[in-house]
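Biologist: Could you take me through one spot in this model in some detail, please? I would then like to see how it compares with the rest of the chain.

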Amino acid sequence: MRAVTALSVAVLASSGVGHAVMAGLDSGIERVDPFKDMKNRPEAGRGLNILLAGTDGRDTITEEQRRAYRLGGEPCHCTDTLMLLHLSADRSRISVVSLPRDSYAMMPPHTDRNSGEEHRPHPVKLNAAYAEGGPQLTVRTVEKMTEVKIDHYVEVDFTSFMETVDAVGGVEICTVRRLKDSHTGLDLAPGPHRLDGGQALQYVRSRHLDGTGDLSRMQRQQRFLAALTAEVTGSGVLLNPVRFGEVTRTVLGSLRADSGFTTERMLDLGKAMRGFTPASAEFTSVPVREEAREVPKIGDTLVWKPEEAKRIFGALREDRPLADHDSARPKATVVDVPPEQIRVQVENGTPRQGLGTQADRALRATGFGTSGEAVDAADHATARTTVLYDPRWDRSARTVAAAFPGAELKAAPGQGGTVRVVLGADFTEVHPVRAEDPPEGTTGALRGDEVTCPRSKAAGKA
């Protein structure tokens, strides 16, 4: 999750003042050698692949930060987050794939960096690779699981994340429902918020909000990464040499990276990415099976869906996009309840034949569960589309209404869990909607502009 700091370096570098500001900063980066003595590596594909690792390191946080943002406890000296970032060969697109930290992984043979003990291959959770063998074993394990050759490795911790967010003046995020996590102290009301570094850390760390744990947390991390990109590219940071210097020094001050990923290399990549916007980025997570796999002495692990994972990593190797980048495609409205959890019955309240069937199919295409059989309403002269719902399912009703902009919401006590939609003469098409946190197991990728706030200025504070 703190790996967003590495991406911001490349974005910031595209300003044109890079060489003057970044000169001499290379010595401030702590270097690691994650590729030492590595053999039998995957073949290189087109484009550039960077493994971004966020560790749970908290040695440099202050006591005030520890109390305010609930950063107590012992670190596990493992990776809290892993993201595989692919920069396309033409430098027009960045694909970010989150790798669940609890993924089932088969550790390759290695020497334990703590005990010096020689280990044979054995099953672990993916985040344990760092604890046993540091960056090198992490890279080896990820390459084995994905068959994607890693070109660069970047690692950051809690402090670098908070300082980077503060350096750019905070980051705006939006939520359609209240987010409250007693473990991290996060408490956000629905709506837009501008988060400072500590609040942002609470946002990306929270995993006790809705029962999905790390899976929804990865989605929030992706939204935050898109929001940070929007902040950097849409603000004056890139045009102000002083602020540019401050931010890049902050970002680079606590990075760990391989020796080949120099500031000069970052700068060249940044220049090649001129014109980069949130729409140029795409985000997804490796889909996992619904059933966890229990491993003795380790516990439950997440097992990747093989076909979906193969498709994602195959696209990275072949330099193909993961998301639909058609600018003409309408942007889906973010809703509270996933449409997959809602049952809808369509009724045609107009004399137009086939209109109900058309709406039923469109609702299914956007994720709703429908009866599959539209019926005629009692009134064939309905002027305005109406969404009828049992008050106990008001959140579901608002989600359905989002697919019919301008529709009237009308309570129907005792109707039950199925939401009824009576099409009126004003109906033209079903507007696409999507959940803020897609259901577990959902596949697909989203563009950065689809996960950022619709407004440019936040209306509230965290």
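Is Asp 319 buried or exposed, and what is its relative accessible area?

Modeller: Happy to. Asp 319 is buried, because its relative accessible area is 10%, and buried means under 20%, with exposed over 50% and partly exposed in between (1.4 Å probe, protein chains only). The structure is a predicted model, in which local features need pLDDT of at least 70 and side-chain atom pairs count only at pLDDT 80 or more, while totals for chains, interfaces and linings use all residues. Residues are numbered from 1 along each chain as its sequence is written, and side-chain values use heavy atoms, without hydrogens or water.

Asp 319 lies in the loop that joins helix H10 (306-317) to strand E18 (333-335); helices (H or I, at least four residues) and strands (E, at least two) are DSSP runs, numbered from the N terminus. The backbone deserves a look too: phi of Asp 319 is positive, near 60 degrees, and the residue is not a glycine. Most residues other than glycine have a negative phi.

Arg 91 is another non-glycine residue with a positive phi, near 60 degrees. Arg 91 sits in the loop between strand E3 (79-87) and strand E4 (94-99), and its relative accessibility of 19% is why it counts as buried.

The axis of H5 (residues 158-167) comes within 8 Å of the axis of H6 (residues 197-205), and the two cross at roughly 125 degrees. Axes here are lines fitted to C-alpha atoms, for helices over the stretch in contact, with angles from 0 to 180 degrees between N-to-C directions. H5 and H6 are therefore oblique to each other, the class left over once angles under 35 degrees (roughly parallel), over 145 (roughly antiparallel) and 65 to 115 (roughly perpendicular) are set aside. The residues making the contact include Phe 158, Phe 161, Met 162 and Val 165 of H5, and Ala 200, Leu 201, Val 204 and Arg 205 of H6; contact means heavy atoms within 4.5 Å.

Arg 205 of helix H6 is buried, at 16% relative accessibility. Elsewhere, Thr 284 belongs to strand E15 (residues 281-285) and is buried, at 5% relative accessibility. Leaving aside residues up to four places away in sequence, Thr 284 touches Val 96, Val 97, Ser 98, Gln 222, Ile 312, Leu 322, Gly 444 and Ala 445.

As for the whole chain, 54% of the 462 residues count as buried, and the secondary structure comes to twelve helices and 26 strands. Of the contacts with a separation of 6 or more, 75% link residues 24 or more positions apart.

A word on confidence: the average pLDDT (the predictor's confidence in each residue, from 0 to 100) is 82, and 81% of the residues score at least 70. Residues 1-6 stay under 50, with 33 contacts beyond four places in sequence, and residues 13-17 are also below 50, with 16 contacts beyond near neighbours in sequence. Where pLDDT is low, the predicted coordinates should not be read in detail.
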